[in-house]
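Subject: The structure you asked for

Hi,

Here is the structure I promised to pass on, with my notes below it. Have it open while you read, and look up each residue as it comes up.

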Amino acid sequence: MNNIAHFEIQSTNPKREVEFYAHVFGWKAILDESLPIEFYRLETNGMQGAILKRPVDNPPTHQGTNAFTCSIQVEDFDQTANAIMEKGGQVAMPKFAIPGRGWQGYFLDADHNVFGIFQMDENAK
């Protein structure tokens with residue numbers, strides 16, 4: 001119990017983020033027209049999630065994160081980082097080693113949502 005079971009990504013342009021996350025992670029998004037907001041349910045290989053229309057103005061950049069930040073485990077950090085950059089993402093914190101565990105880094109999508117990627121690698125130093 002008490003496990004994180006759902007995540008949400010807010011965006012001023014949800015269709016753009018749907019395309020971004022589909023390209024980078026292969027997630028499928030389904031618009032849920034039964035809701036009073038623009039809300040896309042995400043099909044991932046793990047946790048349930050959604051992309052939804054941001055209900056207020058975008059927070060200013062360079063202010064730190066005002067939310068939980070999720071990290072997605074990937075097979076190849078560098079390949080995924082390249083896919084992020086191809087779709088207009090930005091590096092928030094460059095790749096770094098977590099010794100004996102793996103590689104971690106943080107990025108921004110086009111709406112400045114922060115997310116991390118993580119590659120397991122017990123040889124990381």
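Before you start clicking around: helices here are DSSP runs of at least four residues, numbered from the N terminus. One such run is helix H2, residues 77-86, and Asp 78 is found in it. Also keep in mind that this is a predicted model.

**Asp 78 and its partner**

Let's stay with Asp 78 for a moment. Its relative accessibility is 42%, so Asp 78 counts as partly exposed. Which side chain does the side chain of Asp 78 make a polar contact with? The partner is Lys 95, and the contact is 3.1 Å. Along the sequence, Asp 78 and Lys 95 are 17 residues apart, while their C-alpha atoms are 8.8 Å apart in space.

**Salt bridges**

How many salt bridges does the structure hold? There are six, and here are some of them.

Start with Arg 16, which is partly exposed at 29% relative accessibility. The side chain of Arg 16 meets that of Glu 17 in a salt bridge, at 3.0 Å from N to O. Is Glu 17 buried or exposed? Glu 17 has a relative accessible area of 0%, so it is buried.

Arg 16 also forms a salt bridge with Asp 111, where the closest N and O atoms are 2.8 Å apart. This pair links distant parts of the chain: Arg 16 is in helix H1 (residues 14-25), Asp 111 is in the loop between strand S7 (102-108) and strand S8 (114-120), and 95 residues separate them. Asp 111 counts as buried because its relative accessibility is 2%, and the limit for buried is under 20%.

Another one to look up is the salt bridge between the side chains of Glu 19 and Lys 87, at 2.5 Å from N to O. Glu 19 lies in helix H1 and Lys 87 in the loop between H2 and strand S6 (90-98), so this pair ties together parts that are 68 residues apart in sequence. Both ends count as partly exposed: Glu 19 has a relative accessibility of 47%, and Lys 87 has 28%. Some salt bridges share partners, and these join Arg 16, Glu 17, Arg 54 and Asp 111 into one network.

**How the two helices pack**

Now turn the model until you can see H1 and H2 together. Their axes are 9 Å apart, and they pack at an angle of about 155 degrees. Why are H1 and H2 called roughly antiparallel? Angles over 145 degrees count as roughly antiparallel, and therefore H1 and H2 get that description. Their crossing is right-handed. Where they meet, H1 brings Phe 20, His 23, Val 24 and Phe 25, and H2 brings Thr 80, Ala 83, Ile 84 and Glu 86.

**Two buried residues with polar side-chain contacts**

Gln 119 is in strand S8. With a relative accessible area of 18%, Gln 119 is buried. A polar atom of its side chain lies 2.7 Å from the backbone nitrogen of Phe 77. If you leave out residues up to four places away in sequence, Gln 119 touches Val 74, Glu 75, Asp 76, Phe 77, Arg 101, Gly 102 and Trp 103.

Asp 32 is in the loop between strand S2 (28-31) and strand S3 (39-43). Asp 32 counts as buried too, at 12% relative accessibility. The side chains of Asp 32 and Arg 41 are joined by a polar contact of 2.7 Å. Beyond its neighbours within four places in sequence, Asp 32 is in contact with Ile 37, Phe 39 and Arg 41.

**Two histidines to look at**

Most residues other than glycine have a negative phi. Now check His 62, whose phi is positive, at about 60 degrees. His 62 is in the loop between strand S4 (48-53) and strand S5 (71-73), and at 79% relative accessibility it counts as exposed.

His 112 also has a positive phi, of about 70 degrees, although it is not a glycine. You'll find His 112 in the loop between S7 and S8. Its relative accessible area is 34%, so His 112 is partly exposed.

Terms used:
Residues are numbered from 1 along each chain as its sequence is written. This is a predicted model: local features need pLDDT of at least 70, side-chain atom pairs count only at pLDDT 80 or more; totals for chains, interfaces and linings use all residues. Side-chain values use heavy atoms; hydrogens and water are left out. Buried means under 20% relative accessible area, exposed over 50%, partly exposed in between (1.4 Å probe, protein chains only). A polar contact is a pair of N or O atoms within 3.5 Å; within protein, one must be able to donate a hydrogen and the other to accept it, and residues adjacent in sequence count only if both atoms are side-chain atoms. A salt bridge is a side-chain nitrogen of Lys or Arg within 4 Å of a carboxyl oxygen of Asp or Glu. Axes are lines fitted to C-alpha atoms, for helices over the stretch in contact, and angles run from 0 to 180 degrees between N-to-C directions. Angles under 35 degrees count as roughly parallel, over 145 as roughly antiparallel, 65 to 115 as roughly perpendicular and the rest as oblique. A crossing is left-handed if the near helix is turned anticlockwise from the far one by less than a right angle, and right-handed if clockwise. Contact means heavy atoms within 4.5 Å.
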